[in-house]
Amino acid sequence: MIRYLLARLLTFVPTFLGVTLISFAFIRVLPGDPIIVMAGERGLTEERYAELVTQFGFDKPLPVQFWTYLTGVLQGDLGVSYVTKRPVWDEFFALFPATLELSLCAIVFAIAIGLPAGVIAAVNRGKLFDRALMSTALVGYSMPIFWWALLLIIVFSGNLGWTPVSGRMGLLYFFEPVTGFMLIDSVLSGQSGAFGSAVRHLILPTIVLGTIPLAVIARQTRSAMLEVLSEDYIRTARAKGLSPLRVNGLHALRNAMIPVVTVIGLSVGTLLAGAILTETIFSWPGIGKWMVDSIFRRDYPVVQGGLLLIASMVMVVNLTVDILYGFINPKIRARK
Amino acid sequence: MALLSIRNLSVEFATASGSFRAVDAIDVTVDPGDILAIVGESGSGKSVSMLALMGLLPWTATVTADEMRFDGKDLRAMTPRTRRRIIGKDIAMIFQEPMSSLNPCFTVGFQIKEGLKKHLGLDARARHARALELMEMVGIPDPVRRLSAYPHQMSGGMSQRVMIAMAIACRPRLLIADEPTTALDVTIQAQILDLLTALQAETGMALILITHDMGVVAETARRVSVQYAGQKVEEQPVGPLFATPHHPYTSALLAALPERATTRLLPTIPGVVPGQFDRPPGCLFAPRCAFADATCQNTPPPVQPPAKGLVRCHYPLGGPA
Ligand SMILES: Nc1ncnc2c1ncn2[C@@H]1O[C@H](COP(=O)(O)OP(=O)(O)O)[C@@H](O)[C@H]1O
Ligand code: SF4
Ligand SMILES: [Mg+2]
């Protein structure tokens, strides 16, 4: 297991270098000059422009610029935002908890509903619940996120007035972030009603972001369960006189989880991509919105640093899934 | 009183191409401590009839019976929950494929102890002690270590021993062994059979042994039931059956056994067991029977009296038993 982990970590090196290069190249491929964008309506003099070009190092050839960037990254320095003049790291850590909170809520939502739904559908294969669930999952999977978000906003925020439309917290409440998670900080603040406000702000973004993973998890759980339910060892479990709950929920699900965990891990990548859209729709102050804003501003350090951090996160999540996979599948654990 | 008594058991499967009768009006009676062998070619409904008794058939199966009693209790009238208190406790079953019959995600110990908790309510310490005892009973060396092993770390023979340990864990009064050795190496086959007969003698449980192996039948069983195409075609105590088979099918099975045979498995009889689409209108064995005539081809044969081995045949063989 240790050797396997080391080997896996070693494969991170080329991936990491590749991502660094791609994130560096990506933003530079986009047309638009960051200095002009920054100057905006005011414009700027030729001298000032030349000064900034030297300051940002744009006068040097691209390979040299990349080398400077890479050596910085390897020393843990992601640079400073052109716009806010704050280090990319600081901005990332200030905004990341918002994204993490939303993503966690979305994946918990997706698992909490998708997993049992998939199990129940498989156990009642071909019956009404199964068909209804599978059609719904197909719709959920192919639903345009933007349209879905608008629909929910119109119904729950507009017509019913139950949920707020944007942000993480009502304007009535204010407190300094401690953990960065509104659900926790609102409780720590001791302000009554703050927690409820945090929850209400989370509901719609969670549903919007969680819909596709929910559909994917439900479908994968169902098909994995169907396969497992026809196995001999399920017959053995039933021959012991165990209850259907134990046979389906323990003996079958435990085996079906092996492919499902992979799918959950893969949805984390999808989730981060979905977060960009969801955060933009709901003005959620997380890294998704941060990335979009920075791309429009041509804020090179933020975009390349942000992409690099997001990619690293996906790699770490995939590794975690792999380890988890080993734990739930004894055959793999033994081999490693 | 009989421990198990089943009368007129039929099982129909709903398939894409219509309904298919896999078990057709079968009677099974087993007394306490009895050993019944069920023999017949592949596809003759041996497994399906026993799975019907266990309540383990998929929902596509429709089970009907005039009587299905275990220990005097009517299994048909029970709720599934009540029936599950008998299944795995008083009636246990082991299967043909030991390797795939154990759950790959749980340790051997976990799978053995599960029934002990459910049916006997033993605490963790008592479960562990009983599991060790069972591992020793079924002849698994190094039981302490084996209890925490996973199924993929064991051979087929070891897996079948674990299956047997699991099956006898709650001291069942009836054990059904469905071709328990078919998937194993020849040398292991004898060991597993010896183990089963030894455990049967030791515990006094009744045993239903489904097998292909006429040699095994001769050595192990007290009574033999011969099944063909979903029907029971003959039933006799083992001695008389080998001496005077009354059904042409039984007779054909025995024809090459045992001295003249190079293999102990069922000799091949020309032709195949009829399936869903080629069931003859009269006697199901008629297409392969050396004695078949027009009556056989058109009229289903009656069941003959016990003196004639309850055979389903118009023209039973052999003199009065
Ligand atoms: N789940 C099922 N659905 C449809 N047909 C089945 C099913 N299980 C068994 N059968 C059919 O029932 C017949 C009897 O099978 P089985 O009892 O397994 O025979 P065997 O005597 O070899 O144990 C076979 O023709 C088989 O194809
Ligand atoms: S009824 Fe006729 S065909 Fe059938 S087994 Fe007897 S003799 Fe053969
Ligand atoms: Mg069978």
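**Figure 1. A helical span of chain A, residues 256-282, in the predicted model.** The end C-alpha atoms of residues 256-282 of chain A are 35 Å apart, and this span is 96% helix and 0% strand. The model shown here and in the other views is predicted. In an unreviewed UniProt entry, the annotation "transmembrane region" covers residues 256-282 of chain A, along with residues 9-30, 92-124, 145-165, 198-218 and 302-328. Residues 92-124 of chain A are 97% helix and 0% strand, with end C-alpha atoms 46 Å apart. The unreviewed UniProt entry also lists residues 96-325 of chain A as "domain: ABC transmembrane type-1".

Figure 2. Asn248(A) belongs to helix H11 of chain A. Because its relative accessible area is 15%, under the limit of 20%, Asn248(A) counts as buried. Beyond its neighbours within four places in sequence, Asn248(A) contacts Val123(A), Met225(A), Leu229(A) and Leu253(A). Asp322(A) is part of helix H13 of chain A, which comprises residues 300-328. With a relative accessibility of 22%, Asp322(A) is partly exposed. The C-alpha atoms of Asp322(A) and Gly265(A) are 8.7 Å apart in space, although the two residues are 57 residues apart in sequence.

**Figure 3. The largest pocket, lined by residues of chains A and B.** The volume of the largest pocket is about 1300 Å³. It is lined by 38 residues, and those closest to its centre are Arg238(A), Leu56(B), Leu57(B), Pro58(B) and Trp59(B). From chain A, the elements giving two or more residues to the lining are helix H5 (88-123), helix H9 (194-229), helix H10 (232-239) and helix H11 (244-281); from chain B, they are helix H1 (46-54), strand S4 (61-64) and helix H2 (80-86). H10(A) provides the largest share of this lining, with 4 residues. The lining of the largest pocket comprises 21 nonpolar, 8 polar and 9 charged residues.

**Figure 4. Helix H1 of chain B and the residue that follows.** Of the 9 residues of H1(B), 8 are buried, so that the helix is mostly covered. These buried residues are Lys46(B), Val48(B), Ser49(B), Met50(B), Leu51(B), Ala52(B), Leu53(B) and Met54(B). Directly after H1(B), Gly55(B) adopts a positive phi of about 75 degrees.

**Figure 5. The second largest pocket and its lining.** This pocket has a volume of about 690 Å³. Among its 29 lining residues, Gln55(A), Phe56(A), Val80(A), Tyr82(A) and Pro301(A) lie nearest the centre. At least two lining residues come from each of helix H1 (2-29), helix H2 (34-39), helix H3 (46-56), helix H4 (62-74) and H13 of chain A. By class, 14 residues of the lining are nonpolar, 9 are polar and 6 are charged.

**Figure 6. The largest cavity, with lining residues from chains A and B.** The whole structure contains 4 cavities of 30 Å³ or more. The largest of these cavities has a volume of about 130 Å³. Its lining consists of 15 residues, and Ala239(A), Lys240(A), Ala92(B), Met166(B) and Ala167(B) are the closest to its centre. H10 of chain A and, in chain B, strand S7 (91-94), helix H4 (108-120) and helix H7 (156-168) each contribute at least two residues to the lining. The lining of the largest cavity is made up of 11 nonpolar, 3 polar and 1 charged residues.

**Figure 7. Helix H11 of chain B and the second largest cavity.** Within helix H11 (residues 248-255) of chain B, the residues Pro248(B), Tyr249(B), Thr250(B), Leu253(B) and Leu254(B) are buried. Their cover includes helix H9 (214-220), strand S10 (223-228), strand S11 (231-237) and helix H10 (238-243) of chain B. Pro248(B) is also one of the residues nearest the centre of the second largest cavity, together with Cys283(B), Cys289(B), Cys296(B) and Cys313(B); 13 residues line this cavity. The second largest cavity holds about 80 Å³ of space. Its lining divides into 10 nonpolar, 2 polar and 1 charged residues.

**Figure 8. The hairpin of strands S1 and S2 in chain B.** Strand S1 (residues 4-15) and strand S2 (residues 18-30) of chain B run antiparallel and are joined by 9 bridges. The two strands form a hairpin, with 2 residues between S1(B) and S2(B). Phe13(B) stands opposite Phe20(B), a residue of S2(B).

Terms used. Residues numbered from 1 in each chain as written. Chains lettered and ligands numbered in written order. Predicted model: local features only at pLDDT ≥ 70, side-chain atom pairs only at ≥ 80, totals over all residues. Heavy atoms only, no water. Pairing = 2+ DSSP bridges. Buried < 20%, exposed > 50% of the residue type's maximum accessible area, 1.4 Å probe, protein only. UniProt positions renumbered as here; feature names shortened; annotations may be inferred. Contact = heavy atoms within 4.5 Å. 1 Å grid on protein atoms, 1.4 Å probe; cavity = no way out; pocket = protein on both sides within 12 Å on 5 of 7 lines; lining within 4 Å. Points joined across faces, edges and corners; volume = space filled by probe spheres on them. Nonpolar A, V, L, I, M, F, W, Y, C, P; charged D, E, K, R; others polar.
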